[in-house]
Amino acid sequence: VIVTVTLNAALDVTYVTPGGVRPGTTHRIRSVAQRAGGKGVNTARVLASLGEPVLALGLAGGASGAELRAELDAAGVPHGFTPIAGTTRRTVAVVDASGTDGVTGFWEPGPQVTGEEWQGFRADFRVAVRDARAVVLAGSLPPGVPGDAYADLVGMASGAGVPSLVDADGDALRAALSARPALVKPNAEEALRALGEGPANGPHHDGASVHQVPATGEHGCPADGPRASGRGSSPLPLSLARRLVAGGAGSAVVSAGARGLVACWGGRLLAVAPPRVISGNATGAGDAASAALAVALARGLPPEEALSRAVALSAAAVAAPLAGDVDGDVLAELEPLVAVRDLT
Ligand SMILES: Nc1ncnc2c1ncn2[C@@H]1O[C@H](COP(=O)(O)OP(=O)(O)OP(=O)(O)O)[C@@H](O)[C@H]1O
Ligand SMILES: [Mg+2]
């Protein structure tokens with residue numbers, strides 16, 4: 001089974017309005033949809049839809065936590081969220097039905113988690129990793145969870161012989177590197193923040209446990225050669241992947257939206273672009289990429305297969321309107337067309 005961890009899970013609420021959001025006015029909502037969300041939950045949903053055995057873990061509490069669990073039951077996604085006294089956050093996305101204003105988001109910070117609740121989660125995780133082939137640790141940390149939580153969990157999984165994939169931002173990702181996760185998959189902005197160069201983190205980090213990135217990777221990739229900067233695309237994500245491995249990750253995949261992704265994997269620098277740009281909802285595309293990469297970790301697949309599957313599956317996720325869903329026709333169309341370029 002692949003275990004996903006979503007410590008700051010959410011009940012994603014989508015409001016559709018006939019026009020855009022106008023500050024200082026009342027809006028009549030045309031339709032309301034609710035589903036369980038958060039990055040690890042999205043990844044679990046994709047894995048379940050592929051028929052892959054999965055278990056979604058995390059923290060959930062209050063009425064919205066109960067709704068989150070019920071929605072996962074209805075969707076057929078096996079889960080075992082650790083109960084907390086606080087109330088699971090909601091993320092509200094207001095969609096303008098006319099299409100002109102796009103999506104306006106309201107993200108709650110997440111409930112305060114007590115030390116006892118965090119220890120309860122660690123105990124549940126320790127039991128679940130015994131049967132796991134891979135674990136996915138994804139998204140932000142709620143208030144009260146230690147800043148080095150991912151390093152802690154990666155260490156517990158490694159102790160049980162289970163590889164970890166970490167998909168996180170800034171400080172949470174940087175702290176995870178010290179525990180040497182098998183694979184990390186940030187997008188380029190998140191990788192920049194983890195390496196200490198981007199603008200400050202979002203509202204979710206609590207500033208604890210900021211580790212220096214050690215320069216001691218075992219499977220280091222060569223510096224970007226002339227081919228790495230070809231085709232008019234910036235070489236930046238390539239050097240980010242290389243530096244994440246130098247910082248402690250076994251392998252690093254850095255995604256760059258419609259440009260695709262780059263990887264430093266087994267001492268090689270690889271780049272993969274989608275065969276065509278898909279229009280749709282790119283939120284959750286990275287979570288679908290993580291699903292493909294987790295399957296590759298669980299099965300020990302070679303990097304070419306892992307990365308081409310990740311690019312096809314994430315493009316299929318863009319084509320499906322809701323995060324965590326994939327369009328099967330787009331997946332079948334694109335998968336045979338994806339080509340991996342070796343830039344080593
Ligand atoms: N418009 C698009 N068309 C085709 N493929 C896309 C498009 N946008 C993204 N992708 C694919 O999805 C992958 C992940 O996208 P992105 O880098 O935006 O992830 P992300 O920022 O981590 O997303 P999220 O965290 O919301 O899931 C990319 O590497 C690319 O292969
Ligand atoms: Mg992402």
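Begin by selecting G260: one of its backbone N or O atoms lies 2.9 Å from an oxygen atom of ligand 1. This is a predicted model, in which local features need pLDDT of at least 70, side-chain atom pairs count only at pLDDT 80 or more, and totals for chains, interfaces and linings use all residues. Residues are numbered from 1 along each chain as its sequence is written, ligands are numbered from 1 in the order in which they are written, and side-chain values use heavy atoms, without hydrogens and water.

Next, select K39, where a side-chain N or O atom is 2.6 Å from an oxygen atom of ligand 1. At G284, a backbone N or O atom lies 3.0 Å from an oxygen atom of the ligand. Taken alone, ligand 1 exposes 650 Å², and the protein buries 90% of that (Shrake-Rupley method, 1.4 Å probe).

Now display the 22 residues around ligand 1 (a heavy atom within 4 Å), of which K39, N187, S255, G260 and G286 come nearest. Helix α9 (303–319; helices are DSSP runs of H or I, at least four residues) supplies the largest share of this shell, 4 residues.

Then turn to the largest nonpolar core, which has 52 residues. Such a core is a set of buried Ala, Val, Leu, Ile, Met, Phe, Trp, Tyr and Cys residues joined through side-chain atoms within 4.5 Å, where buried means under 20% relative accessible area (1.4 Å probe, protein chains only). Helix α8 (residues 285–299) gives the largest share of this core, 11 residues.

Finally, select A128, L141, L173 and V245, which are among the 49 residues of a second, separate core.

How values were computed
Buried < 20%, exposed > 50% of the residue type's maximum accessible area, 1.4 Å probe, protein only. Helix = DSSP H or I, 4+ residues; strand = E, 2+ residues; numbered from the N terminus. Polar contact = N/O pair within 3.5 Å; in protein donor to acceptor, adjacent residues only side chain to side chain.
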